[in-house]
Amino acid sequence: MQLRPLDGLALERRAESEGVSTDAVEDAMDSDDPKSSLIALIVDIVSSRGPAERMLSLLATGGATAADELSRALDHAMDVLEQLSVSSPRKSRKSVRSLLE
């Protein structure tokens, strides 16, 4: 999501929803350029998360972006299972194929 078009209040809410401390948000709002300060706080906290945390945060937000990301993850899982099926011995393919269905 692009942060630049958001106004100060929306950025403040976004920072709080991302887990930025209230004190840090207040300090950013009191700075010479509150919008840039809030964006920097949001980017710092989001970029410090691992992939699992980013996915959980995205899913908690909901909406079309979350649905797209979940669909992409499931498609990747299906591709991995396909590759496993192809590279597995014939006897073990049946169990992998049942997972795909």
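**Notes on the salt bridges**

1. Glu18 forms a salt bridge with Arg14, and their closest N and O atoms are 3.0 Å apart; the term stands for a side-chain nitrogen of Lys or Arg within 4 Å of a carboxyl oxygen of Asp or Glu. Glu18 is buried at a relative accessible area of 8%, whereas Arg14, at 22%, is partly exposed (buried means under 20% relative accessible area, exposed over 50%, partly exposed in between, with a 1.4 Å probe and protein chains only).

2. This is a predicted model, in which local features need pLDDT of at least 70 and side-chain atom pairs count only at pLDDT 80 or more, while totals for chains, interfaces and linings use all residues. Residues are numbered from 1 along each chain as its sequence is written, and side-chain values use heavy atoms, with hydrogens and water left out.

3. Glu18 also meets Arg49 in a salt bridge, at 2.6 Å from N to O. Arg49 lies in the loop between helix H3 (34-47) and helix H4 (51-61), and Glu18 in the loop between helix H1 (8-17) and helix H2 (22-29), so the pair ties together parts that are 31 residues apart in sequence. Helices here are DSSP runs (H or I, at least four residues), numbered from the N terminus. Both Arg49 and Glu18 are buried.

4. A further salt bridge joins Arg72 to Glu69, at 3.6 Å from N to O. Both residues lie in helix H5 (residues 63-87), 3 residues apart, which is about one turn of the helix. Arg72 is exposed at 52% relative accessibility, and Glu69 is partly exposed at 25%.

5. Through shared partners, salt bridges join Arg14, Glu18 and Arg49 into one network. The search of the whole structure finds 3 salt bridges.

Definitions and conventions: Helices (H or I, at least four residues) and strands (E, at least two) are DSSP runs, numbered from the N terminus.
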